[in-house]
Structure formats: C-alpha cells, structure tokens
Amino acid sequence: MRPGKPVDQIPVFLLTGFLGAGKTTLLNRILENPSFQDTALIINEFGLVSVDHDLIREGRERPVVTTTGCICCTVGSDLRSSLDELLIGRRDDRLPPFSRVIVETTGLADPAPIINSLIPGGVAALSLRDHAVARAFRLSGAIAVVDVQGIGAALKSHSESLRQIAFADHAVLTRTDAAPAHGWPERLRTINPALRVHDAAAADFDPARLLAPGSYSAFGKGEGVEAWLMAETDHHHDHGADFHNLNRHGNVVAIPLMHDQPLELGALRRFLIKLTSTPGNGILRIKGLVALQDDPAAPAVVHAVQHRLYPVARLDAWPQGQASSRLVVIGTYLDEAAIRADFDTLAGKPQPFLASVLDAFKRGGA
C-alpha cells in the first residue's frame with residue numbers, strides 16, 4: 001500500500017443498556033440478518049464468570065472476544081486491547097474477515113470512557129497498539145436498550161442508566177409486549193433530544209437501522225454529554241476502592257455460583273423464587289445456564305430481572321461443550337453467605353458445619 005493512501009476504517013457500534021434490558025436478545029436479532037454475518041463481537045460481562053457469550057448465536061467462524069470486568073474502567077477489561085486482538089487475528093488469518101464490530105457492554109458500564117477511547121480527541125493513544133486501533137477503527141454509533149418495566153427504577157438508583165441513554169444515537173424499547181411504553185419515548189428525549197427511539201416489539205422494527213454507517217458525534221445529545229466526555233479525558237476513571245475486584249462495581253457485586261452435577265428443577269425454582277421475592281434483597285439480575293436432572297444435555301437458561309423471574313427455557317446443547325451449571329447473582333447489599341448456603345443446599349453440597357463433622361468422622365474423631 002502506498003504511503004498516504006486513505007484506509008477505510010472498520011465501524012464500531014456500542015450496545016449498552018442496564019442490567020436485564022435485553023441486549024443479548026437484540027444482538028441475536030441483529031445477527032440473524034444475513035447482511036450482518038460478517039460482524040465481529042466484543043462481549044463484556046460483569047464478574048469473573050461469563051454467561052452472556054454462551055447465549056449469543058455466534059454462527060460459523062464469527063470472530064468473538066469475551067472480556068470480564070467493567071470495560072469502562074481503566075483497570076480491568078480494555079476495549080483497545082480487545083480491538084487490537086481482533087485486528088491481529090484478522091491480519092494473521094486466524095480470524096475470518098469482518099466488516100464491523102459490535103461491543104456489547106455490561107449493564108453497569110458508563111459509556112463516557114468507552115466512547116472517549118474511540119473518538120478523535122478522546123483519551124490519548126499511549127502505545128503503538130493504541131495508534132493502530134485508532135487508524136483501523138472508528139466509532140459509528142451507540143445503541144441503548146431500554147426495558148420499559150425497569151428503566152424508572154434504574155434511573156433513580158443508577159446513574160449509568162441515564163448516561164447510557166444520554167450518549168446513545170438509538171434507544172430500543174423492550175418489554176413493550178408486556179407493559180405499555182407509558183410515554184417513555186418522550187421522556188427519553190428529554191434526556192437526549194437527538195435520540196431515535198424504536199420499539200423492539202413493533203411489526204416494522206428493523207434492527208438494520210441501528211447499524212447505519214457514519215461517525216459518532218456527541219453534538220445535539222443534550223446538556224452534560226460533552227462535559228462528561230471532557231471530565232473523563234481529564235481524570236482517571238474507576239469505581240471506588242474495589243475497582244481491582246472484577247466481581248464488584250461500586251456498590252454492586254456479582255456472586256458466581258457453580259456446580260458440576262445436574263440440579264433438580266423444583267429445587268432450582270424454589271431457590272430462585274426465594275432470591276427474587278425477598279423484600280429489600282437488592283437483586284438486580286440473575287442469569288445463567290444450569291444442567292437439570294431430567295435432561296442434562298439440554299441446559300436450562302435462567303433469567304431474572306429484580307423481582308421478575310422468567311420461565312426457564314432450554315437450549316438444544318451446551319455452548320462449546322461446557323456442561324456445568326453456572327449462575328451469576330448481581331445486586332446491591334447482597335447477603336453473599338446466605339445466598340451461597342442456599343445454593344450449596346440446592347446443589348447437595350455439605351454445609352461448612354456438616355463438612356467439618358464429616359471430616360472429623362472420616363478421621364475417626366468427633
């Protein structure tokens with residue numbers, strides 16, 4: 001290639017939305033479109049145990065990078081590193097060609113530092129890797145998924161949900177088939193006047209509209225957006241003293257629960273109902289894949305948002321052959337010891353006291 005010849009940049013689309021809004025469901029709808037088969041994915045998950053990437057219908061040979069920890073923090077998952085990984089894989093022919101990248105963020109991600117890492121004039125390039133990423137990619141758009149049943153509570157308690165809307169080009173309303181939108185399109189536009197609002201349940205909804213080529217701009221998105229970007233450029237971004245803990249984001253914690261043996265469906269339901277129905281327990285999200293005794297080869301998908309527990313669905317097979325149960329419970333002020341004790345009972349694991357008694361018995365003492 002001759003020096004100075006312009007290089008086409010690969011568009012990057014940011015997919016945000018608070019915990020349980022329906023980002024993965026929307027992403028699967030996008031990927032069903034044959035026009036978007038050549039799409040690379042970066043899946044960012046909160047907590048050390050990944051679940052969402054197993055629910056993406058990746059298709060054959062789709063380039064996918066999975067990261068854990070908050071992608072908007074300077075410590076933890078690094079978006080530039082993930083993009084560089086895709087770039088190197090494509091250059092070395094380890095990955096198939098791709099025409100765009102979709103970054104699905106954790107529901108707790110603040111979009112400001114993510115956007116700053118991709119736009120001209122944002123966070124400075126500090127390495128050859130950063131310069132390579134800046135030359136190869138451009139941020140084309142930001143999409144916020146908005147659950148009309150849960151967004152009111154999220155906006156009151158979690159500033160990230162407001163910023164996700166404020167920085168977005170598009171908002172996609174979900175759960176409108178279960179609850180009316182109740183004026184949310186207008187209310188969202190008071191946060192972001194330039195927002196284009198779509199109803200995921202509408203007959204004429206076309207996910208392709210969300211991925212129109214272009215370059216992201218903060219202009220016209222409402223008061224505070226450009227100031228937030230400037231503040232993120234000038235200051236180190238983290239989420240308090242526990243930013244190094246990938247299972248914690250401010251006062252929100254992720255509790256991973258794992259078990260190798262199949263579980264009984266009735267016991268699982270009782271465990272989930274107790275979690276979601278206990279007043280004031282701070283549950284924000286429960287998600288996971290579980291092996292059930294009736295058919296361990298067909299994993300059950302567990303999904304709950306706050307007090308809403310959705311029916312257990314089944315997959316045809318385990319993604320990538322990982323046939324072991326893994327749940328993630330996300331919330332504030334969670335009683336981790338009690339949750340783990342209840343899960344251990346469900347999974348048939350000995351409680352700490354019983355384990356010590358059994359150990360003593362094995363040694364021949366009391």
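## A mostly covered helix

In this predicted model, helix α1, spanning residues 23–32, is mostly covered, with seven of its ten residues buried. Those buried positions are K23, T24, L26, L27, N28, I30 and L31. An α-helix has 3.6 residues a turn, so residues three or four places apart point the same way.

## How confident is the prediction?

Now for the scores. The protein chain has an average pLDDT of 82, and 80% of the residues score at least 70. Among the elements of the chain, β6 has the highest mean pLDDT, at 97, while helix α11 (residues 352–363) has the lowest, at 46.

Two stretches are worth a look here. Residues 234–244 have a pLDDT below 50, and this stretch makes 15 contacts in the model beyond near neighbours in sequence. Residues 351–359 also have a pLDDT below 50; beyond near neighbours in sequence, five contacts are found for this stretch.

## A look at S159

Is S159 buried or exposed? S159 belongs to helix α6, which covers residues 159–166. Its relative accessible area is 52%, and the cut-off for exposed is over 50%, so S159 counts as exposed.

Along the chain, S159 and D110 are 49 residues apart. In the model, the C-alpha atoms of S159 and D110 are separated by 8.4 Å.

Key
Residues are numbered from 1 along each chain as its sequence is written. This is a predicted model: local features need pLDDT of at least 70, side-chain atom pairs count only at pLDDT 80 or more; totals for chains, interfaces and linings use all residues. Side-chain values use heavy atoms; hydrogens and water are left out. Buried means under 20% relative accessible area, exposed over 50%, partly exposed in between (1.4 Å probe, protein chains only). Helices (H or I, at least four residues) and strands (E, at least two) are DSSP runs, numbered from the N terminus. pLDDT is the predictor's confidence in each residue, from 0 to 100. Contact means heavy atoms within 4.5 Å.
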